[in-house]
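Please read the following report alongside the sequence and the coordinates. Each section takes up one part of the chain in turn.

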Amino acid sequence: MDTHADKQPPITSGSYAEGQLARAFVTALTHADRATRARAEERADGWRRVLTGMAAGTLRIGSRTPAQGLPAWVTLEVLHGGFATGAARAGGPLLPYEAEAARKAGVPEDRESLFAHCVTEEGLAELWDLLDSTCYEVTVPEEAALLTVAWLVRAGESEAALELVREIGPFAATLRFTPRPTAASAPDTEAVHRRTVAQAAATLAARGPNTAVETQREALAVWRPFEDELLTHWLETAGPDHRVLDREPGSGWHERGAALLDRHRVLAREHTLCGSHRDPKGNSGILRGALEETAAGRELDARRLGLLRHAVASMVRKRGLPGSERHTAVRVARAAHAALPSHRDVAHLVAHRMSGLPQETGAADVTALLAPVTDAEERRSGLPAGTALPPAIRRVVEAARSAPLHTLVELGVVPSAEVMAELVPQLVAAETATAYRDAPLRALTAATYRAFRNRRSLLMLDLERQVRPEELPWVRAVSAQRASDTRVRASAHTTLRRLAEVAVDGFPGTLLPNPLVRELAVLARRTDLDAPLVEELAADIFMGTFSPKFQAAAVVAGELLGGGSLYERYYGVDYAAVLALADGGPAVGEPRRRTAREAREFAVLCHERAGARDLYGVAANGTVIEQAQILTTHNLATLVHRVGITPATGWADLARRCFVTVCRLTGRAHHEQRPLGTVKDAAYAWRQMLFHLSLCDEGEAAGVLAWTRGEAAGHPAHVAARLAPALAGLRMVADGGSFAADGTADDGRARRLTGWTATGRHWLCAEPAGPGRR
C-alpha cells in the first residue's frame with residue numbers, strides 16, 4: 001500500500017512560513033492596538049528566523065531535534081503550527097534575578113560564571129535553602145537543573161550529580177539553569193485554578209472604559225435631557241393640540257433659544273462620544289436647526305416648518321409631554337441607568353479587594369470578592385453601596401477560584417475540554433511527585449513537570465514522538481528515587497479514572513483534546529493498565545500511516561463493542577478483523593508486515609474503509625483519520641474498558657447531551673460561510689452519542705432514540721430537516737438494517753453521518769427542502 005510516506009506535507013514548505021510572516025507583518029503595520037502590533041512584530045521576527053534557518057539548513061522542520069546543535073531536551077521557542085525558530089526559551093540575555101544572583105555571589109554577570117558558582121560549597125548551600133523553603137519558581141524546565149544537582153549532592157548521589165553537570169555543562173554559558181527565587185512557598189496542589197489572584201487582579205486593574213457603554217451613558221445623562229429642553233422650548237409656540245407650530249414666539253423666547261444654542265456648543269466641546277445630536281435629519285438636529293434659523297432672524301420655510309412639526313409630534317408621541325407622568329418615568333429610569341457605576345470603576349474596586357490575598361495562587365473562597373459594594377467601600381471609592389458586580393467582572397474573579405477540578409467544571413469556570421486540559425497538568429504534577437519519598441524532591445518534581453507542560457509541541461513527521469518529561473537529564477538523574485510500588489500505581493490509576501470521568505461526563509460531545517490525552521497517557525503509563533490512548537492527527541501533515549498504539553486502541557474497542565453492538569453495526573466495523581490483526585492473523589488487503597514504528601495493516605484498513613486509496617490531499621487524509629477515530633472510538637473504549645470510568649449521570653444522559661450538541665452545531669453550521677469545521681465537530685459529537693448508546697441497555701437506548709424526535713423538533717426547522725437522514729439511518733440500524741458501502745440506504749432517505757468527505761459538498765451542508773428551509 002502507498003501510504004504517501006515519501007511525500008512532503010505542504011505545511012513544512014517555506015510557503016507556509018512565508019504566509020505566516022506576511023500575516024504578522026500586516027498586523028504589525030496596521031492594527032490599531034499598540035500591544036497587538038508589538039506582539040505581531042515579535043511573531044514576524046520569529047518567522048524570519050524560521051525562514052533563515054530553513055534556508056541555511058540549521059533548522060530541520062518535522063524533526064525531533066529541529067535546531068542544529070541543541071539536544072531534544074532543550075525547550076525551544078515554537079511558533080504556530082509547531083515551527084521551531086532555533087532559539088532556546090532558556091537562552092537570551094540574563095534575566096534580572098540572574099544578574100542579582102551573580103552580584104550577590106560576587107561573580108561576573110554571565111551564565112557560565114553563575115553556573116560555576118552554583119556548584120561550589122557556597123552555591124550548593126544557597127540551593128539547599130531554596131529546596132527546603134520551596135520559595136522558588138520554575139518557568140522553563142531548565143531552571144530546575146541545578147536544584148536537582150544540589151539535591152543529588154545532599155542525598156549522597158555524587159556520581160549522578162557529576163554526570164548531570166557533565167551533560168548540561170556544555171550549555172552553561174547560554175542556557176538558564178538556575179531557579180527564580182520567590183517570596184512565597186510552592187502552592188498547594190490539591191486544588192486547581194485557571195488564573196492566579198495576581199493575574200486576575202491585573203486584568204481588572206487594567207480595565208479601561210467601554211466606549212460603547214460610556215457613549216450610551218453620555219447620551220442618557222447629557223443629550224437626552226438637552227433634547228427635552230429643546231422640545232419644551234418649541235412647545236411654547238404650539239397650539240392647544242401641541243402639534244401645529246404657528247404662533248409667534250412669546251416674550252423672551254428668542255433669548256432663551258440663543259442660550260440653548262450657546263449651551264449646545266459648550267456641551268459638544270465637552271462631551272464628544274455621542275454623535276447622534278449632530279445628525280441634521282434626527283429629531284434633535286431638526287429642532288436645533290430650526291432654532292438656529294430663527295435665531296439668525298430668518299423665516300422658516302414650509303419644508304422646514306413641516307419637518308419641525310413632525311419631529312415635535314413624534315417626540316411627544318414616543319415619550320409624552322415633558323413633565324408628564326409617562327415622560328418623567330422614562331427620564332427617571334434612564335437617569336438611574338446612566339448613574340450606574342462604570343464597569344471600570346467596579347473592576348478597580350475588586351482589584352483592590354484582591355490585593356490583600358496571596359498573589360501567586362488561586363483564591364479558595366471568592367465569596368467576599370464577589371459581594372456587592374460595602375458601605376466602607378462607598379466612603380472610599382464613591383461607588384454606591386449595594387452595587388452588584390457585573391457578570392463580566394464576576395467571570396474574571398471566578399477564573400481565580402481554587403477548587404477541585406470537578407467543582408470548577410460544575411460551576412462553569414471550566415467551560416470546555418480545552419480549558420480543562422490547561423489545568424490538568426497541575427494535578428498530574430502533584431500525582432507525579434507522590435512517587436518520591438523526599439519532600440523537597442517532591443516539590444521540585446512537581447515544579448519541573450508544570451514547567452515542562454508549558455513547552456509547545458513541535459511539528460513532527462514520520463511518527464516521531466514528542467519529548468517526554470522523563471527524558472530531561474535532571475529528571476532522569478533522580479529516576480532511581482521513584483517508588484513503583486502498588487500504592488503508587490493505584491494512586492495513578494485513581495487519578496486517571498477521576499480525571500477521565502470529569503472529562504467524559506463534563507464534555508460528552510467533544511473529542512478529548514490532545515494536551516488532555518497526553519496527560520492521561522502519562523498517568524496510564526504509571527499503572528499496570530494496558531491503556532493505549534491516541535491523539536487527534538492533523539490532516540495537513542498526515543503521512544498515511546499510524547503508530548502501533550492506534551491498532552492497540554482499536555483492539556480494545558473491539559473487545560468492548562464487538563459482537564454486534566449498535567456502534568459496530570452503524571459504522572459497518574468488522575471488529576473480528578481488527579482483533580485478528582492483533583492476534584497475528586491474516587492482514588486486511590496484503591500480507592502482514594510490521595515495524596516498530598507503524599501499524600501498516602491498520603493503516604490499510606483505514607484507507608479501505610475511507611475509500612481514499614487513490615485520493616490525495618487534506619480532505620482525503622481527513623477521511624482516513626476519521627476512520628481511525630471510528631475504529632478506536634478515539635479513546636472512549638480504552639477509558640471504559642481498561643481504565644474503568646463510569647459517568648455519574650449514566651450513559652443514556654451522556655447520549656442525550658451529545659445529541660443536543662449535534663443539534664446546536666448543525667444550527668451553527670447553517671449560518672456559516674465555511675461550515676465544514678462545524679460539520680466535523682457535529683459528526684464527532686454524533687459518534688460519541690453512538691458510543692454511549694451502545695453501552696445503554698435495550699430499554700434505555702430505545703428511550704433515547706424516541707427522545708431524539710422531540711429534541712430535534714425543538715430546534716429551528718432547518719436543523720431537524722438537515723438531521724432527518726442521519727436520524728433515519730440511526731433508527732434503521734437500531735431496527736436491524738444496515739447501510740450500503742457508501743453510507744446510504746436503499747430508500748435514499750437514510751444516511752450515515754461522518755464528518756469528512758473527500759469529494760463534493762457534505763450532504764449536511766445542503767439546503768433542506770420543503771418546510772425545513774428557513
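## The loop around Thr646

In this predicted model, Thr646 sits in the loop that links helix H28 (636-643) to H29. With a relative accessible area of 53%, Thr646 is exposed, because the cut-off for that class is over 50%. Although 148 residues separate Thr646 from Arg498 in sequence, their C-alpha atoms are 9.5 Å apart in space.

## Helices H21 and H22

Helix H21 (residues 486-506) and helix H22 (residues 514-525) have axes that come within 8 Å of each other and cross at roughly 155 degrees. H21 is therefore roughly antiparallel to H22, and their crossing is left-handed.

The contact between them involves Ala492, Thr495, Leu496, Leu499, Ala500 and Ala503 on the H21 side, which meet Leu516, Leu520, Leu523 and Ala524 of H22.

## Helices H10 and H11

A second pair is formed by helix H10 (residues 253-270) and helix H11 (residues 283-295), whose axes come within 10 Å and cross at roughly 125 degrees. This angle makes H10 oblique to H11, and H10 passes H11 in a left-handed crossing.

From H10, the residues Trp253, His254, Gly257, Leu260, Leu261 and His264 take part, and they meet Arg288, Leu291, Glu292, Thr294 and Ala295 of H11.

## Helix H31

At the start of H31, the backbone nitrogen of Gly699 has a side-chain oxygen of Asp697 within 3.2 Å.

The buried residues of H31 include Ala701, Val704, Leu705, Thr708 and Ala712. An α-helix has 3.6 residues a turn, so residues three or four places apart point the same way. The partners against which the buried residues of H31 pack are helix H29 (651-669), helix H30 (676-694) and helix H32 (717-734).

## Helix H4

Helix H4 (residues 111-118) is mostly covered, with 6 of its 8 residues buried; these are Arg111, Ser113, Leu114, Phe115, His117 and Cys118. Among the elements that cover the buried residues of H4 are helix H3 (96-105), helix H5 (121-133), helix H6 (145-154) and helix H7 (158-168).

At the start of H4, a side-chain oxygen of Asp110 comes to within 3.2 Å of the backbone nitrogen of Glu112.

## The loop around Thr387

Thr387 belongs to the loop between helix H15 (375-381) and helix H16 (391-398). Is Thr387 buried or exposed? Its relative accessibility is 17%, and Thr387 therefore counts as buried, since the cut-off for burial is under 20%.

The side chain of Thr387 reaches the backbone oxygen of Pro384 at 2.7 Å. When neighbours within four places in sequence are left aside, Thr387 is in contact with Pro341, Val346, Pro372 and Val373.

## The protein as a whole

The protein has 32 helices and 4 strands, and its C-alpha trace spans about 105 × 85 × 50 Å along the principal axes. Of its 774 residues, 49% count as buried. Among the contacts between residues at least 6 apart in sequence, 71% join residues that are at least 24 apart.

Key:
Residues numbered from 1 in each chain as written. Predicted model: local features only at pLDDT ≥ 70, side-chain atom pairs only at ≥ 80, totals over all residues. Heavy atoms only, no water. Buried < 20%, exposed > 50% of the residue type's maximum accessible area, 1.4 Å probe, protein only. Helix = DSSP H or I, 4+ residues; strand = E, 2+ residues; numbered from the N terminus. Contact = heavy atoms within 4.5 Å. Polar contact = N/O pair within 3.5 Å; in protein donor to acceptor, adjacent residues only side chain to side chain. Axes fitted to C-alpha atoms, helices over the stretch in contact; angles between N-to-C directions. Parallel < 35°, antiparallel > 145°, perpendicular 65-115°, else oblique. Left-handed = near helix turned anticlockwise from the far one by under 90°.
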